Amino acid sequence: MRPTASLFAKILSWFFLNMVIVVAALMVFFIFQQRINLQALFGRQGADRLRTTGMLIAHDLSLAPQTDWKDVLSRHAAAHKVDFTILLPSGVIFSSTDENVPRKIRIKARGVLRQRPAKNRSMPRRMMDNPQHPPARHPPMSPDRRQQNEMTGKKFSTHPRGFDSVPYFRMQTKTPTRYWSGLRIPLPRGQGHPPGPAMLLAVSDAFTGHGFFFDPLPWIVVSGLVIVISVLFWIPMVRHITRPLTRMTGATEKIAQGSFDITIHEPRSDEIGRLAKAIRHMTARLSALVQGQKRFLGDVAHELGSPLARIQFGLGALEQRVNGEGKERVKDVMEDVDHLSNLVNELLAFSRADIKASNVKLESTLLLPIVQTAVKRENTQSVEVSVDIGPETHVLASAELLTRAMANLVRNAVKYAGHSGPILVTAEETKEFVKIVVRDNGPGVPENLLDQLFDRVFRPELSRDRDSGGVGLGLAIVKTCVETCKGTVSAANRQPKGLAVTITLKR
């Protein structure tokens, strides 16, 4: 097999091709996101959003007296779904909520206030140290324009260049859990206060700040697209692997049940194709071995029939001529010969039961006469066998094979459970099938041996004496006859004791 044709190589190549497609999709996303204005759709993250909001708050605070600062902060808090707090260098705090600012947040904020912003050549030093009102060429915007720019994530025209370099921090506090973002903002000269820096704190009980600190939507969208692309990409490969495996699994299950006329055709050169070829070869070998075994058993049984008959005849004649101890020995030999004759008869019946389904004519047959014939054939006068089958119940089967199967079932029940109580044969009709059940009250079969009960030459007992009898072919003959009639047979233990064998045939 060529290395490039192996299933491992195909899966590995498919994986790397999937990665290439995902990376290409991400590159396209990041290359074209500015052209299709994805930032406007998703909004700005963390610091950018706080910087933009800080300029709005600073402008609104410059127009209002300090007594109204709480109302200004509350208005912005309601708009952004986070609480805002202004901390002045003097330690004075203005907040949209009555919640206290934790000590470590105040210490961090004061430390940031004492820091100098990073130098930015595009920003005059006087604006960094002592910012004033925005230049005249950038007049304050109307509230409607501010709200529109804030919703779309655009920077304001009043935003002085270099503002991105101001100090910013993120912290978390517990009991209760709060997430804080801090940003130093310039307060222009306003009503009752001089210009100078102040600390703007945004606080929320959610890590994302309800979308203000972090907007998960773009990541969710991108992750969802990657997952969808990967799933759609892998579905053909998975189906390419699982479909033939499903077909071969069904075929091997039928082969395990003894059906060797299964054809598996998978025109592939990878491991799955090799597996299909191996299964075909194995099926052909098994079929040849089983058919050869059965032919051999039939031939041996046929050849042994005549010598055994002559031996039985000779022993019968000898029994009439001997007396005393010799006569008892002749009887023991005759019992052994009878046991051997039964073995040969079962082998012959088993070999004859394996008839190709194409050679068997299945027809609608009355079930009750077949069961009555089987019961009568087994000569069960000493055992109570009850038959409860409707006189109009029909099944699709071969009368000869079904009679042989029922006779073997009744014989098996009589042999192992005849002394434990009555044997009941019933038939249950459904819309499409008829279930024939043979129940006894014997000891049953160990649960771990039920699946092997219909295997040829299998017996659950360890003994092989002439009292227990049998060679383990009776139920194998039942299975062969029933399956030739397009039916199924199974066995199950009854509670509290007994065994039930069920034959299912089409109506």
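Me: Let's start with Glu400: buried or exposed?

Reply: Glu400 counts as exposed, at 57% relative accessibility, where exposed means over 50% relative accessible area, buried under 20% and partly exposed in between, with a 1.4 Å probe and protein chains only. Keep in mind that this is a predicted model, in which local features need pLDDT of at least 70 and side-chain atom pairs count only at pLDDT 80 or more, while totals for chains, interfaces and linings use all residues. Residues are numbered from 1 along each chain as its sequence is written, and side-chain values use heavy atoms, with hydrogens and water left out.

Me: Which residue forms a salt bridge with Glu400?

Reply: Arg404 does, with the closest N and O atoms 3.2 Å apart; a salt bridge here is a side-chain nitrogen of Lys or Arg within 4 Å of a carboxyl oxygen of Asp or Glu. Both residues sit in helix α12, which covers residues 399–417, and they are four residues apart, about one turn of the helix. Helices (H or I, at least four residues) and strands (E, at least two) are DSSP runs, numbered from the N terminus. Arg404 itself counts as buried, at 17% relative accessibility.

Me: How many salt bridges turn up in the whole structure?

Reply: A search of the whole structure finds eight. Among them is the pair of Arg247 and Glu266, whose closest N and O atoms are 2.9 Å apart. Arg247 belongs to helix α8 (residues 217–256) and Glu266 to the loop between α8 and α9 (271–319), so the pair ties together parts that are 19 residues apart in sequence.

Me: And what is the accessibility of those two?

Reply: Arg247 is partly exposed, with a relative accessible area of 47%, whereas Glu266 counts as buried at 9%.

Me: What does Arg507 pair with?

Reply: Arg507 forms a salt bridge with Glu429, and the closest N and O atoms are 3.2 Å apart. This pair links distant parts of the chain, 78 residues apart, with Arg507 in the segment after β12 (499–506) and Glu429 in strand β9 (residues 423–429). Arg507 is partly exposed at 48% relative accessibility, and Glu429 is also partly exposed, at 41%.

Me: Changing topic, where does pLDDT stay under 50?

Reply: pLDDT, the predictor's confidence in each residue from 0 to 100, stays under 50 over residues 37–44, for which the model has 16 contacts (heavy atoms within 4.5 Å) beyond four places in sequence. It also stays under 50 over residues 120–164, with 65 such contacts. The chain averages a pLDDT of 77, and 78% of the residues score at least 70.
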